[in-house]
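Biologist: I'd like to go through this model with you. Please put it on screen.

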Amino acid sequence: MAKPKYGIGVDFGGTYVKLALVRFTDRGLKIDGYSKFQTCDYNRDEVIEQLVIRIIKLKAESTYKGNEVKGVGIGMPGRVDFNKGVVCDLTNVPGWKNVPLKDILEKKIKIPVLIDNDANLMALAESKYGAAKGYQNCVCVTLGTGIGGGIILGGKVYRGGSFAAGEIGHMTINENGPLCACGNRGCAERYAGNRYILEEAIKRLRGGARSSLKDKIQGKYSNLTLEMVAAAARKKDAFSMILWQEIGAHVGVVLADVVNLLNPDIIVLGGGVANAGTLILDPIRKTIKERAFKVSRQNLRVGLSKFKHKAGIIGAAAIGVTGKENQ
Ligand SMILES: [Zn+2]
């Protein structure tokens, strides 16, 4: 067996920044060291300082085990110039406009750093080691507060001309629909994003809809969670079952377009909303079947993420190990 390779992955989220030392071997991968801190506890320069301290500490752990870390990969929640290693802007974290993070970190930690969009790295992790392993063309969709997308074509990440590809959540499903945070109307995210699903459920419950959820929340609508809606649907609560069918159909409409456009081999779904499992998978599959060209979808697989919330950190560590040339 070849010697294991170590990479450090950083998953930079709006709530937490998570770091992991990941060991890659012929047989697979393993997380050997882990650390995290709250993003809002620090300003931008302090976040960078925390990254330096924690990366050096994780690097020391790999040296202790007799292996050098090959590199660091960082997944950012926004647009990144992958070639230059510059963070262009982040959607939900202020203070990160045009930051040359790769250069700043490399000067301090003396190992190669690669920076990419987090959805790209999730797609990379699933395609190299996870649910899409063995497939050349894969679209990875994260269904959470927002809806993100990472695209792998011919085994490589497709980033687009200005590193903005994969905004599946902002594809229009209703041209005159409600206003989205992006400024457009009727985006998929506006119908199937975590927050909007709950808003819609609450609106219907307040409007007099019958559901077992009413007993659960006892009039406190703010207590309603997606997990509750999923649990109720599994117990055959008609209100909740219909809601999941509608959400799945909304996502399916967009994915049918994606299938017609890219003809992927596999679509992998991750993020909190995908934890609903078959409740959302079944209507997504049904809608794609109804709407996409037969030739484009007849060999298509639609499945759930293998690495779930760890996909980003694993993909980040993976580009740290393999370097830029192989991406
Ligand atoms: Zn939008």
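Biologist: Let's start with S127. Buried or exposed?
Modeller: S127 is buried, because its relative accessible area is 11%. Buried means under 20%, exposed over 50%, and partly exposed in between, with a 1.4 Å probe and protein chains only.

Biologist: What kind of model is this, and how are residues numbered?
Modeller: It is predicted, so local features need pLDDT of at least 70 and side-chain atom pairs pLDDT 80 or more, while totals for chains, interfaces and linings use all residues. Numbering runs from 1 along each chain as its sequence is written, and side-chain values use heavy atoms, without hydrogens or water.

Biologist: Where does S127 sit, and what does S127 touch?
Modeller: S127 is in helix α3, residues 118-129. Helices (H or I, at least four residues) and strands (E, at least two) are DSSP runs, numbered from the N terminus. Leaving out residues up to four places away in sequence, S127 touches A132, K133, G134 and I152. Contact means heavy atoms within 4.5 Å.

Biologist: Now G71. Buried or exposed?
Modeller: Buried, because G71 has a relative accessible area of 0%. G71 belongs to strand β4, residues 69-76. Beyond four places in sequence, G71 is in contact with Y6, G7, I8, P112 and G320.

Biologist: How far is G71 from G312?
Modeller: Their C-alpha atoms are separated by 16 Å. Along the chain, G71 and G312 are 241 residues apart.

Biologist: Switching to the largest nonpolar core. Which residues touch the most other members?
Modeller: L224, W244, I267 and L269, out of 45 residues in that core. A core here is a set of buried Ala, Val, Leu, Ile, Met, Phe, Trp, Tyr and Cys residues joined through side-chain atoms within 4.5 Å. Two or more residues come from each of β8, α5, α6, α7, α8, β11 (266-270) and α9 (278-291). α8 gives the most, with ten.

Biologist: What does L224 touch?
Modeller: L198, A201, I202, L205, L213, I217 and V229, not counting residues up to four places away in sequence.

Biologist: Tell me about α5. Which of its residues are buried?
Modeller: Y196, I197, L198, A201, I202 and L205. They pack against α4, α6 (213-217), α7 (226-234) and α8. α5 has 13 residues and reaches 19 Å from first C-alpha to last, close to the expected 18 Å. The expected span is 1.5 Å times one less than the number of residues. G208 follows α5 with a positive phi, near 105°.

Biologist: And how far does α8 reach?
Modeller: α8 reaches 35 Å over 25 residues, close to the 36 Å expected. Just after α8, N263 has a positive phi of about 50°.

Biologist: What about α7? Which residues are buried there?
Modeller: L226, M228, V229, A230, A232 and A233. The buried residues of α7 pack against α5, α6, α8 and α9.

Biologist: Cavities next. How many of 30 Å³ or more?
Modeller: One. The largest cavity holds about 40 Å³ of space. On a 1 Å grid over the protein atoms alone, a cavity is a set of points where a 1.4 Å probe fits but cannot get out; a pocket is an open set with protein on both sides within 12 Å along at least five of seven lines; lining residues have an atom within 4 Å of a point. Points are joined across faces, edges and corners, and the volume is the space filled by probe spheres set on them.

Biologist: What lines the largest cavity?
Modeller: V141, L143, I147, I168, A188, A192, V251, V254 and L255. By class, that is nine nonpolar, no polar and no charged. Nonpolar covers Ala, Val, Leu, Ile, Met, Phe, Trp, Tyr, Cys and Pro; charged covers Asp, Glu, Lys and Arg; the others, Gly among them, are polar. α8 supplies the largest share of this lining, three residues.

Biologist: Last topic: the second largest pocket. What volume does it have?
Modeller: About 220 Å³. Of its 13 lining residues, R190, Y191, Y196, E200 and H250 are closest to the centre.

Biologist: Which helix gives the largest share of that pocket's lining?
Modeller: α5, with six residues. α4 (189-192), α5 (194-206) and α8 (238-262) each supply at least two. By class, the pocket lining has six nonpolar, one polar and six charged residues.
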